[in-house]
Amino acid sequence: MRLALIAHDEKKPDLIEFAQNRQDDLEHLDLMATGTTGQRLIDATGLDIERKESGPLGGDMQIGAEIASETCHGVIFLRDPLTAQPHEPDITALLRICDVHDVPLATNLASADAVLDELLEQLGDEPSRNG
Ligand SMILES: O=C(CO)COP(=O)(O)O
């Protein structure tokens, strides 16, 4: 079961805190992330994460390609809704391809636990919340 983790700069601290709280569960999944998000998560948690390109350099599109190939089964993408992004078309395309393939997608912290729990359930694992 493969999960993609992505956060815009203003939301990276939230995603790091989420990953620390749910580290035991995240270790059961095959993780990937956009470049900077992935490095920040690796530094903070030591989780094994495949790093794609940085979002503005095509990382969102690489994750979108995995979704189209059905090799990515969930996405947690903490978007910054208050800051314009130069690669907005790529972001829109990623959100769209999740809908095309009916892939669970969380775009804020309130729904991130639900996406993670869904993937764990598909794996047959019980979620173990630390937080
Ligand atoms: O821009 C992003 C998603 O649209 C995230 O990219 P980084 O993880 O490289 O900051």
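**View 1. The largest nonpolar core and its most connected members.** Of the 31 residues in the largest nonpolar core, A4, L5, L31, A33 and I76 touch the most other members. Two or more residues of this core come from each of β1, α1 (12–21), β2, α4 (59–68), β4, α5 and α6 (109–123). A nonpolar core is here a set of buried Ala, Val, Leu, Ile, Met, Phe, Trp, Tyr and Cys residues joined through C-beta atoms within 7 Å. A residue is buried if 20 or more other C-beta atoms lie within 10 Å of its own, exposed if 12 or fewer, and partly exposed in between, with C-beta atoms placed from the backbone. Helices (H or I, at least four residues) and strands (E, at least two) are DSSP runs, numbered from the N terminus. In soluble globular proteins, nonpolar side chains tend to be buried together. The model is predicted: local features need pLDDT of at least 70, side-chain atom pairs count only at pLDDT 80 or more, and totals for chains, interfaces and linings use all residues. Residue numbers start from 1 along each chain as its sequence is written.

**View 2. Strand β1 and its two parallel partners.** Strand β2 (residues 30–33) runs parallel to β1 and is joined to it by 4 bridges; two strands pair if DSSP finds at least two bridges between them. Within this pairing, L5 stands opposite A33 in β2. Strand β4 (residues 74–78) also pairs with β1 in the parallel sense, over 5 bridges, and there A7 has L78 as its bridge partner. A4 touches M32, A33, I63, C72 and V75, not counting residues up to four places away in sequence. Two residues are in contact if their C-beta atoms, placed from the backbone, lie within 7 Å. In a regular strand the side chains alternate between the two faces of the sheet.

**View 3. The shell around the ligand.** The ligand is surrounded by I6, H8, T34, G35, T36, T37, S54, G55, P56, G59, D60 and I91. The elements α3 and α4 each give two or more residues to this shell. Helix α3 gives the most, with 3 residues. A residue is near a molecule or strand if its C-beta atom, placed from the backbone, lies within 6 Å of it. By class, the shell has 3 nonpolar, 8 polar and 1 charged residues. Ala, Val, Leu, Ile, Met, Phe, Trp, Tyr, Cys and Pro count as nonpolar, Asp, Glu, Lys and Arg as charged, and the others, Gly among them, as polar.

**View 4. T34 and H87, two positions from the binding-site record.** In an unreviewed entry, UniProt places the feature "binding site" at H8, K12, T34, G35, T36, T37, S54, G55 and H87. UniProt positions follow the numbering used here, feature names are shortened, and annotations may be inferred rather than shown by experiment. T34 lies in the loop between β2 and α3 (35–45) and counts as buried because it has 26 C-beta neighbours inside 10 Å. Leaving out residues up to four places away in sequence, T34 touches I6, K52, S54, G55, G59, D60 and I63. H87 lies in the loop between β4 and α5 (88–100). Because H87 has 17 C-beta neighbours inside 10 Å, it counts as partly exposed. Beyond its neighbours within four places in sequence, H87 is in contact with G55, P56 and D60.

View 5. UniProt lists D60 under "active site" in an unreviewed entry. D60 belongs to helix α4 and counts as buried, because 28 C-beta neighbours lie inside 10 Å. Apart from its neighbours within four places in sequence, D60 is in contact with T34, G55, H87, D90, I91 and L94. The buried residues of α4 are G59, D60, Q62, I63, G64 and I67, and what covers them includes β1, β2, α3 and α5. After α4 comes E70, with a positive phi near 60°.

View 6. In α3, the buried residues are T36, T37, G38, R40 and L41. These buried residues pack against β1, α1, β2 and β3 (49–51). P13 is in helix α1 and counts as partly exposed because it has 13 C-beta neighbours inside 10 Å. P13 and R40 are 27 residues apart in sequence, and their C-alpha atoms are 9.0 Å apart in space.
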